[in-house]
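Please look over the chain shown here before reading the briefing that follows.

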Amino acid sequence: MVAIVLLPGMDGTGALFADFVSALGQDFLPIVISYPEDQELDYPALEELVRARLPFDQPYFLLGESFSGPIAISIAASRPVGLMGLILSCSFVRNPIPAFRPLKRTLNFLPIKSKLMEFVFSLLLAGTSSPGIRQAMRKALARVSARTLRTRLRTILETDYSNKLQEIQAPILYLKAAHDHVVPSSAIKHIVRLLPSVQVVAFKGPHLLLQALPGEVATIVKNFAVQVMSIRNGSISKSA
């Protein structure tokens, strides 16, 4: 069975994938990766953690949600055994808002665990009426230390994996949210400019796309996986 390895957003818990995993059904094996909740790990450290959990004994697709996009891109660029395709959900290859880069000097004073989070939730959900998602997000973030969240924000501001993106040979699907108030369209345009072969599918949803529209997104992801596997199996048959 083909696996889909899921790398979580900023919370890093993997708990917010529940509805999406259910929507995937039984055709694919979901492998949800979670990150340490109280460790200050940057992208290279988290990538090492993810690599240790990849299913080297079976083919798989790698899905990087938001924060985890750069991790998924870096892994895909190294062309690991078994990787069939890369899926990016509302993500980026470099700091999506360059104007925020100077903020890294003040992150230690940012009130991560405060009413500020209500504003963040509004951005993530883009006005979507979804109290269930808001509650799940609040619970997930409550598990993660403020120091850990600050480190993750800092590593976003400092990262640029544009060169790695261009090294990827596996097919790439980008899941775009039409009402994404976190990752601007300029970030997506940058990805497509670097790699025109990227397939972009837009949804009328917020940044938390997998949580707001699990069924719709799962259908597109499964279709993409089936298409890639069909092309690959056809190529193998011809070479044989």
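Predicted model: local features only at pLDDT ≥ 70, side-chain atom pairs only at ≥ 80, totals over all residues.

Residues are numbered from 1 along each chain as its sequence is written, and side-chain values use heavy atoms, with hydrogens and water left out. The protein chain has 10 helices and 6 strands, these being DSSP runs numbered from the N terminus (helices H or I, at least four residues; strands E, at least two).

- The 6 strands form an open sheet in the order 2-1-3-4-5-6 with parallel pairing, where two strands pair if DSSP finds at least two bridges between them.
- At the edges lie strand 2 (29–32) and strand 6 (199–206), each of which pairs on one side only.
- Strand 4 (residues 83–89) and strand 5 (residues 172–179) pair in the parallel sense over 4 bridges, and Ser89 has Leu175 in strand 5 as its bridge partner.

- Of the 240 residues in the protein chain, 50% count as buried (under 20% relative accessible area, with exposed meaning over 50% and partly exposed in between, using a 1.4 Å probe and protein chains only).

**Charged side chains**

- The whole structure holds 3 salt bridges, each defined as a side-chain nitrogen of Lys or Arg within 4 Å of a carboxyl oxygen of Asp or Glu.
- In one of them, Arg143 and Glu37 have their closest N and O atoms 2.7 Å apart; Arg143 lies in the loop between helix 5 and helix 6 and Glu37 in the loop between strand 2 and helix 2, so the pair ties together parts that are 106 residues apart in sequence.
- Glu40 and Arg147 also meet in a salt bridge, at 2.5 Å from N to O; because Glu40 lies in the loop between strand 2 and helix 2 and Arg147 in helix 6, the pair ties together parts 107 residues apart in sequence.
- Glu47 and Arg51 form a salt bridge with closest N and O atoms 3.0 Å apart, and both lie in helix 2, 4 residues apart, about one turn of the helix.
- Lys222, in helix 10 (residues 214–239), is buried yet has no salt bridge, the nearest side chain of opposite charge, Asp27, being 4.8 Å away.

Key: Lys, Arg positive; Asp, Glu negative; His and termini not counted.
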